[in-house]
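Reader: Could you walk me through how the pieces of this fold pack together? I have the sequence and the model open beside me.
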Amino acid sequence: MPSSNPAASPVLLTGANGFIGFQITRFLLEKGYDVVGTVRSESKTKYLTERFSKFANGDKPKLRFAVVEDIAKPGAFDQVLKENNFNAVIHSSSPFFQTAKDIEKQLYEPAIEGTVGILKSIHAHAPSVKRVVITSSFASIMNNEKGNWPEHTYTEEDWNPITREQGLQDPGAGYTASKKLAEEAAWEFVKKQKPSFTLTTICPPMASRLQQEVTDLSKLNTSAADMYALFTGQKEASNQAWIWVDVRDVALAHVLAIESSAAPNQRYLVSSGRYSAQQFLDYIWENYPDRAKAKKISKGTPGKLYPEEGTYTSDNSKSRKDLGLTYRDLDTMMDDTFGRFKELEAIIDRN
């Protein structure tokens with residue numbers, strides 16, 4: 001149940017140049033919001049300024065930037081919060097890579113300390129903020145111990161039982177634990193501190209369709225990297241999760257969450273439904289047959305998408321009802337994502 005659009009009030013968006021943050025930036029600007037986006041270095045503003053030149057230039061730009069080099073540093077967001085009169089904050093800045101060498105430093109600290117730190121700063125220095133939306137993950141919902149769990153339908157009521165100690169065992173577990181622990185810490189902060197702002201968390205699974213700046217296809221975010229590895233014949237089809245979502249739908253969910261009267265103090269599992277990585281291989285062979293042959297891309301198991309025992313599913317009815325969200329289909333996402341890979345290959349080759 002979306003409410004009126006408070007676009008006259010500025011929004012602070014952390015991680016504005018990120019995989020999800022880029023799309024959130026686009027939706028906010030298209031809806032008329034003034035946006036201050038945080039990035040980790042001044043160089044990260046160049047691409048955003050070029051892509052959103054209509055909004056980033058002029059005497060009164062709708063898009064401005066603030067550099068926050070280390071989001072885990074205490075008080076990292078104090079200055080930007082003090083200097084502006086924000087109505088809402090969207091915190092999308094958090095690491096997503098599973099090759100971390102130091103789990104505490106590279107995953108736990110940015111995710112947990114960055115999340116709690118910005119809540120502390122808002123509470124202390126930004127009384128005008130009424131809504132806070134945080135990007136969490138299906139990783140904080142999914143119970144890895146249950147595997148495919150064919151009899152289960154995941155909802156917002158589910159929580160991953162992984163502990164901090166279990167997350168230290170390897171980077172994959174570390175990422176999962178970091179997202180769960182960060183979201184838990186956010187809800188605990190609101191429970192204990194009772195701030196003047198409300199909290200909403202968005203929990204997406206594997207998200208695809210990239211549009212943010214990419215200068216090296218070997219350094220894609222994990223979701224896109226998995227798809228590109230199939231597109232280059234570097235891996236066989238495999239599913240880390242059995243549900244997916246288009247990143248544009250994830251981004252729009254964040255914006256709708258600062259507008260909807262139903263969203264305060266709610267958690268949303270944002271998912272388009274079930275998918276199999278085999279569908280990516282089938283798509284590549286159907287639409288890029290010459291490439292598939294040249295790169296010796298696996299055909300996998302055509303026609304066999306899921307294990308015989310079945311898999312879990314997800315229920316997105318809460319996001320549809322509360323946020324008014326509608327979801328793109330898998331064919332649309334694959335058209336856009338694999339087409340974007342081809343564009344990027346051509347751009348990078350020219351440079």
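Reader: Which residues in helix 8 meet helix 13?
Author: Ala224, Met227, Tyr228 and Phe231 in helix 8 meet Met333, Thr337, Phe338, Phe341, Lys342 and Glu345 in helix 13, where contact means heavy atoms within 4.5 Å. The residues of this contact divide into seven nonpolar, one polar and two charged, with Ala, Val, Leu, Ile, Met, Phe, Trp, Tyr, Cys and Pro counted as nonpolar, Asp, Glu, Lys and Arg as charged, and the others, Gly among them, as polar. This is a predicted model, in which local features need pLDDT of at least 70 and side-chain atom pairs count only at pLDDT 80 or more, while totals for chains, interfaces and linings use all residues. Residues are numbered from 1 along each chain as its sequence is written, and side-chain values use heavy atoms, with hydrogens and water left out.
Reader: And at what angle do helix 8 and helix 13 pack?
Author: The angle is about 75 degrees, with the axes 11 Å apart, so helix 8 and helix 13 are roughly perpendicular (65 to 115 degrees). Axes are lines fitted to C-alpha atoms, for helices over the stretch in contact, and angles run from 0 to 180 degrees between N-to-C directions. Helices (H or I, at least four residues) and strands (E, at least two) are DSSP runs, numbered from the N terminus.
Reader: Switching to the sheet, what is the strand order?
Author: The open sheet of seven strands has the order 3-2-1-4-5-7-10, with parallel pairing; two strands pair if DSSP finds at least two bridges between them. Its edge strands are strand 3 (63-67) and strand 10 (266-269).
Reader: How many bridges join strand 2 to strand 3?
Author: Five bridges join them, and valine 35 stands opposite leucine 63 in strand 3.

How values were computed:
Parallel < 35°, antiparallel > 145°, perpendicular 65-115°, else oblique.
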